[in-house]
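Work through the following exercises on charged side chains with the model open beside you. Each task is followed by a solution that goes step by step.

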Amino acid sequence: MPNYVARALPGLKNFDIGDNQLKVIPGEISNLTKLKELNLKGNKLSDKRLMKLVDQCRTKQIVDYIREHCPKSDQSQPAGKGKNKKGKKQEEPQPDEICSLCHSLKILHVEDDTIRVKIIESEVAAVRPYILCCIVNDLNITDELFKKFIQLQTKLHDTVCEKRNMATIATHDLSKIAPGDLIARQFTGEQLFQQLIAEAEALRKEKKRNVYSGIHKYLYLLEGKPKYPCLEDASGKVISFPPITNSEDTKMSSASKSMFVEVTSNVSLSACKNAMDKFLEECLLLGIGQESDANDGFHLLTVQQVTVVDTEGNLKSVYPSRTDCVYNGSNIKVYRLSKK
C-alpha cells in the first residue's frame, strides 16, 4: 500500500502509516517531493537505524534516509542486507552509526574576555532575582527563518514561560552591545510604566479591543512595583526591560551573526534553565545555525557560556553548566569543550 500511494499520489503532503505491521519502507516514498509530514511510528521496522530516525528526527531527515537506504519495488532485499549489484554481501548498519545523523550543540567554556552580567543592586532581587545568559555564535538566518525565529519566541513565552509569568526570554544582536560587562540594576520607572500604559490604552482604543495586545498585555506583571529591573551594556545604555520589552537598538535581524540571550524569572533559577534549554533546542531544530559538513539537513549551534556575578565579583551562576542542555532521547549531540 505505501508503494502504491507513493506512485499514485506524487503530490501528497501528509502521509500517516503509523501503527501498522510494516517491516520495510519502500524507497518510492522518497519520490513524494511535496511531503511535509510522514508518520511511521508504531511499525516493526527491520532497519534499526531507520527506527531511531523515526523516533528522533523530522520528516526531511527520514525521507533522505529512505531515499539512500530503502529498497524500491525492483529490489528484492532491504537496504543493509543481502547482496549488492556485484554480488557482495552488505553489512547490517549498526545502531551506533546514528550518532553521525544528528544536530550538534557545541558549548564553549568561559574565556577571560567573555561578557559577564553583574548584579550591582540588591533591590533587583525583590523584582527579578533570577537571570541566566549565553551567547550564540555563527548564526545563519534567512529572512524566512527570521520570521519563524520571532514566532518561536512568542510560542515559548506562551508555553514554557507560562505567558511570561514563569520566565521571560530576550534576544539581542551581540554586535550592537557595547563591549564589557553588562549591569543588572534597578531603577524607579514609574514614568516609563505610565507611558507604556498610555500607549497600550491608545492602541486598544484604536483597534477597538477590550484588552491590551502585544507587549502591553504583560504590563500587569509590573503593576504596583515601585522599582523595576533593567539590563545595561558597558556604555550605560539600557538594552532590556524584563519582563516587558527589549531595546530597539539591539534587536535581532536576519543579518545578525551572534546573539546575546537572557532569560529572567521572579520564580526560580530552574525556570530560567528550563526556558533557556528549550529555547536553544528549538533554535537548533529551526536551523538558524551552521549546516553540517555533510549538508544533510542537520545543523550546528555554537553556544558560549556567560557568568553572572555579584557586586564583589563572586560567581552566582554560569550557563550552560554541565547539568544544562541535556537532551536525552533526541537527535541532538552536545559537545562540551573545556577551557585549555
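Predicted model: local features only at pLDDT ≥ 70, side-chain atom pairs only at ≥ 80, totals over all residues.

Residues are numbered from 1 along each chain as its sequence is written, and side-chain values use heavy atoms, with hydrogens and water left out.

**Exercise 1.** Determine how far apart the closest N and O atoms of Arg67 and Asp64 are, and how the two residues are placed in helix 3.

Solution. Begin with the rule: a salt bridge is a side-chain nitrogen of Lys or Arg within 4 Å of a carboxyl oxygen of Asp or Glu, and by this rule the count comes to ten salt bridges. For Arg67 and Asp64 the closest N and O atoms are 2.9 Å apart, which makes the pair a salt bridge. Next, locate the pair: because Arg67 and Asp64 are three residues apart in helix 3 (residues 59-69), about one helical turn separates them. Helices here are DSSP runs of H or I with at least four residues, strands are runs of E with at least two, and both are numbered from the N terminus.

**Exercise 2.** Find which parts of the chain are linked by Arg116 and Asp181.

Solution. First, the salt bridge between Arg116 and Asp181 has its closest N and O atoms 2.7 Å apart. The pair links distant parts of the chain, since Arg116 lies in strand 4 (residues 116-119) and Asp181 in the loop between strand 6 (168-173) and strand 7 (182-187), 65 residues apart. Finally, consider accessibility, where buried means under 20% relative accessible area, exposed over 50% and partly exposed in between (1.4 Å probe, protein chains only). Arg116, at 28%, is partly exposed, and Asp181, at 24%, is partly exposed as well.

**Exercise 3.** Decide whether Glu281 is buried or exposed, and identify the network that it joins.

Solution. Glu281 lies in helix 6 (residues 269-286), and its relative accessible area of 16% means that it is buried. Apart from residues up to four places away in sequence, Glu281 touches Tyr327 and Ile332, a contact being heavy atoms within 4.5 Å. Glu281 also forms a salt bridge with Lys278, with the closest N and O atoms 3.7 Å apart. Lys278 is partly exposed at 29% relative accessible area. Salt bridges that share partners join Lys155, Lys278, Glu281 and Glu282 into one network.
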